[in-house]
Amino acid sequence: MKIRVNASKSYDVWIEKGARLGVADELKERGFKGKVAVISDSNVAPLYSEEMCDYLAYAGFEPYSFVFEAGEESKNLSVYAKILSFLAEEEFTRTDTVLALGGGVTGDMAGFAAATYMRGVRFVNVPTTLLAAIDSSVGGKTAVDLPQGKNLVGAFYQPDLVVCDTDFFKTLPYDEIRNGLGEGVKYAVLEGGRIFDILKQGITSENLDEFISLSIDAKRRIVEEDEKESGARKFLNLGHTIAHAVEKESNYSVPHGLAVAYGIKLMADTAKKRGELSEKDHSEIVSLLEKSDLSVDLMPLCDLIPHFSADKKRAGERLTLVTILGIGDCRLKEIALSEANEYFGV
Ligand code: ADP
Ligand code: ZN
């Protein structure tokens, strides 16, 4: 199926098993031409890059492959600059295309290169992780990290096309699936309804496409309303203030999806304690986390709250939390940093 995202630029997200084999023809049909830089990391390249380049060449494109060392550490200015130099050396022009083939690291960095090389070239995102498929590939955020923090340099740049092939997940390590599910639980709690039910039943090969489509559609609605994160997009931060603190406190050894799952758990616990969330919805959220193998007890809130002051999403001394009043009923709540202990009851 295809989901149309109407942001400052409109683009399609194509979700289908085996879609990667049709990317080249799809690009041709859409009028793309010339050079395509396939950017991937050292894990993904041996699995899928050659195949992608072959299909591109067969469809009449001039494919070039750029491979970088896998890992978040590579999402930095130096690898970003290498991608730019690579494009310049291969004489890419404004009508040529950058194609990200990989997880969030690849999509974010290749997207930022596409946004900035010659002030912007065509960008196609082909996410190969569950996390990137349901989260980072839609919404137009591109970035690299600085030694001082993650995603500190970047741009909003919408892709021309996003292609999600669920077959990619067959080679994904289990930890990476779990990582994606953490973000999936976020959509389930924000939206309720069918996404929640699918996760409650457990993801199977039968409902995977539907789960991805519903998650992407949820994200679409939010980013269409608020492309640059001034209002509705803040809901996507559910569980993330705590998640970022967990990541910092653990020196980034806790994977993002797990940290988000834990953040959602603590937000649900807090809301229950404050009498804002019913016993029933709280226990449904807890069992959803268990069902997704995301039931973790990582570290106490009192160790996490001191990190809130470093949250990038904070405005001055105030912080916007996404509170859970029910399944499918979350609200934004602004508190002062100094009120955090009291709010969380620690
Ligand atoms: P994300 O931010 O989406 O979790 P990353 O880009 O950090 O993604 O990728 C997570 C890890 O999974 C990386 O080591 C990457 O090389 C690897 N990876 C990505 N896609 C696949 C895939 N389809 N099969 C196997 N490994 C993959
Ligand atoms: Zn996230």
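Predicted model: local features only at pLDDT ≥ 70, side-chain atom pairs only at ≥ 80, totals over all residues.
Residues are numbered from 1 along each chain as written, and chains are lettered from A and ligands numbered from 1 in the order written. Local features need pLDDT of at least 70 and side-chain atom pairs pLDDT 80 or more, while totals for chains, interfaces and linings use all residues; side-chain values use heavy atoms, without hydrogens or water.

Select ligand 1. Around ligand 1 are 18 residues (a residue counts if one of its heavy atoms lies within 4 Å). Asp-41, Gly-104, Thr-128, Thr-129 and Thr-171 come nearest.

Next, select Thr-128 and Thr-171. A side-chain N or O atom of Thr-128 is 2.7 Å from a nitrogen atom of ligand 1, and a side-chain N or O atom of Thr-171 is also 2.7 Å from a nitrogen atom of ligand 1. Taken alone, ligand 1 exposes 560 Å², of which the protein buries 86% (Shrake-Rupley method, 1.4 Å probe).

Now select Phe-66 and Phe-86. Their rings form an edge-to-face aromatic pair, 5.2 Å centre to centre with 65 degrees between the planes (rings of Phe, Tyr and Trp, its six-membered ring, pair if their centres lie within 6.5 Å; planes under 30 degrees apart are stacked, over 60 edge-to-face, the rest tilted). Phe-66 is buried at 10% relative accessible area, and Phe-86 is buried at 15% (buried means under 20%, exposed over 50%, partly exposed in between; 1.4 Å probe, protein chains only).

Move to Tyr-80 and Phe-112. Their ring centres are 4.6 Å apart and their planes at 20 degrees, so this pair is stacked.

Finally, select Phe-308, Tyr-343 and Phe-344, which ring pairs link into a cluster.

Methods:
Polar contact = N/O pair within 3.5 Å; in protein donor to acceptor, adjacent residues only side chain to side chain.
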